[in-house]
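Q: Please take me through this structure feature by feature, giving the general idea before each case.

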2 protein chains.
Amino acid sequence: MDVDRNGLQILTRAECLRLLETATIGRVLTSHRALPVALPVTYALQEDSVVFRTGPGTKLHGVDRGAVLGFEVDDVDPVRRTGWSVLAHGEAYQVTDPDELARLDRLPLEPLAPGFFPFLIRLPLQEVSGRRIVAGQREVTLGA
Amino acid sequence: MDVDRNGLQILTRAECLRLLETATIGRVLTSHRALPVALPVTYALQEDSVVFRTGPGTKLHGVDRGAVLGFEVDDVDPVRRTGWSVLAHGEAYQVTDPDELARLDRLPLEPLAPGFFPFLIRLPLQEVSGRRIVAGQREVTLGA
């Protein structure tokens with residue numbers, strides 16, 4: 001098991017992708033007016049990409065400019081002190097190919113907000129990293 | 001009730017602060033090698049600031065440079081389609097004043113990772129915004 005300098009288990013790309021398949025809410029990371037922002041979205045993992053819907057707004061702005069977006073998902077239990085987090089980056093783009101749109105339209109991507117989200121965004125996971133808290137690790141380390 | 005263009009309830013600063021008090025895990029937003037990153041931390045709300053611990057690494061780098069950090073907390077139930085998110089920004093700094101350190105040291109800020117996190121960071125919530133999903137809102141809007 002590879003461990004980083006903070007004592008967290010370093011997850012492989014394959015482990016990160018498996019974890020991304022288990023969740024449905026992630027956070028798109030970008031900047032807005034030069035400030036870092038995180039925007040929760042409903043997403044699905046499709047091959048090596050994350051796919052989500054968006055409407056005219058902040059998230060699409062980044063995509064229009066061809067910016068690299070970040071994507072973060074985590075699941076932490078503060079009481080049991082277990083959990084994981086995955087961070088990914090890629091150049092997102094709006095899906096416009098009719099065949100691809102038809103395929104992706106079947107994914108369970110209903111947005112959480114009631115607004116109009118007509119655009120499908122694909123974020124290829126060009127870089128993926130992840131960490132897992134190893135249960136009991138803190139106590140072991142502190143006692144060592 | 002104020003609603004944004006996506007049909008989400010716009011929360012007041014006071015509502016955002018109340019929600020920040022209910023959680024213990026948030027995400028520090030910054031950039032690392034020009035990429036947006038989100039780093040889960042154990043935090044506490046202390047007056048109008050978020051306080052968390054850190055060690056030598058990415059998060060502190062941003063603080064050293066005097067950068068504006070973002071902070072995001074959310075709690076979304078994808079099945080019941082309810083939840084909220086709060087996004088904050090401020091110029092974070094490392095707490096070095098001995099009196100302040102002694103006061104903050106009593107906060108429940110044990111990091112999730114087993115590593116060494118000797119530094120206390122205070123992130124004044126200079127800008128705070130939040131959104132809440134209003135249950136049933138989506139169906140009402142779609143049916144209208």
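Q: In which sense do strand S5 (residues 68-77) of chain B and S6(B) pair, and over how many bridges?
A: Strands of a sheet pair through backbone hydrogen bonds, either parallel or antiparallel. Two strands count as paired if DSSP finds at least two bridges between them. Helices (H or I, at least four residues) and strands (E, at least two) are DSSP runs, numbered from the N terminus. Here S5 (residues 68-77) and S6 of chain B are antiparallel and share 10 bridges. Within that pairing, B:Val73 faces B:Val86 in S6(B). This is a predicted model, in which local features need pLDDT of at least 70 and side-chain atom pairs count only at pLDDT 80 or more, while totals for chains, interfaces and linings use all residues. Residues are numbered from 1 along each chain as its sequence is written, chains are lettered from A and ligands numbered from 1 in the order in which they are written, and side-chain values use heavy atoms, with hydrogens and water left out.

Q: How many residues lie between S5(B) and S6(B)?
A: The two strands form a hairpin with four residues between them. In the turn, B:Arg81 has a positive phi of about 60°. B:Arg81 also makes a salt bridge to A:Glu110, with the closest N and O atoms 4.0 Å apart. A salt bridge is a side-chain nitrogen of Lys or Arg within 4 Å of a carboxyl oxygen of Asp or Glu.

Q: What else pairs with S6(B), and is S6(B) mostly covered or uncovered?
A: Strand S9 (residues 127-133) of chain B pairs with S6(B), antiparallel, over seven bridges. B:Trp84 has B:Arg132 in S9(B) as its bridge partner. As for cover, buried means under 20% relative accessible area and exposed over 50%, with partly exposed in between (1.4 Å probe, protein chains only). Eight of the 10 residues of S6(B), residues 82-91, are buried, and the strand is mostly covered.

Q: What is the strand order of the sheet in chain B?
A: The sheet is open and has nine strands in the order S1-S9-S6-S5-S2-S3-S4-S8-S7, with antiparallel pairing. Its edge strands are S1 (9-11) and S7 (93-94) of chain B, each of which pairs on one side only. Further along the order, S4 (residues 49-54) and S8 (residues 119-124) of chain B are antiparallel, with six bridges. One of the facing pairs is B:Val50 with B:Leu123 in S8(B).

Q: Which strands does helix H1 of chain B lie across?
A: Axes are lines fitted to C-alpha atoms, for helices over the stretch in contact, and angles run from 0 to 180 degrees between N-to-C directions. Contact means heavy atoms within 4.5 Å. H1 (residues 13-22) of chain B lies across S1, S3 (35-46), S5, S6 and S9 of chain B, at about 80° to S1(B).

Q: How many helices and strands are there in chain A?
A: Chain A has four helices and nine strands. Read from the N terminus, its elements run β-α-β-β-β-α-β-β-β-α-β-β-α. Of its 144 residues, 53% count as buried.

Q: Where is A:Gln46 placed, and is A:Gln46 buried or exposed?
A: A:Gln46 belongs to strand S3 of chain A. Its relative accessibility is 15%, so A:Gln46 counts as buried. Apart from neighbours within four places in sequence, A:Gln46 contacts A:Val51, A:Leu104, A:Leu107 and A:Arg122.

Q: What of A:Thr30: is A:Thr30 buried or exposed?
A: A:Thr30 is buried, with a relative accessible area of 6%. A:Thr30 sits in strand S2 (residues 25-32) of chain A. Beyond four places in sequence, the contacts of A:Thr30 include A:Leu69 and, from the other chain, B:Pro36.

Q: What area is buried between chain A and chain B?
A: Buried area is the accessible area (1.4 Å probe) that two parts lose on being put together, summed over both. Between chain A and chain B it is about 3400 Å², with 61% given by carbon and sulfur atoms. The contact takes 40 residues from chain A and 40 residues from chain B. Five salt bridges are counted between the two chains.
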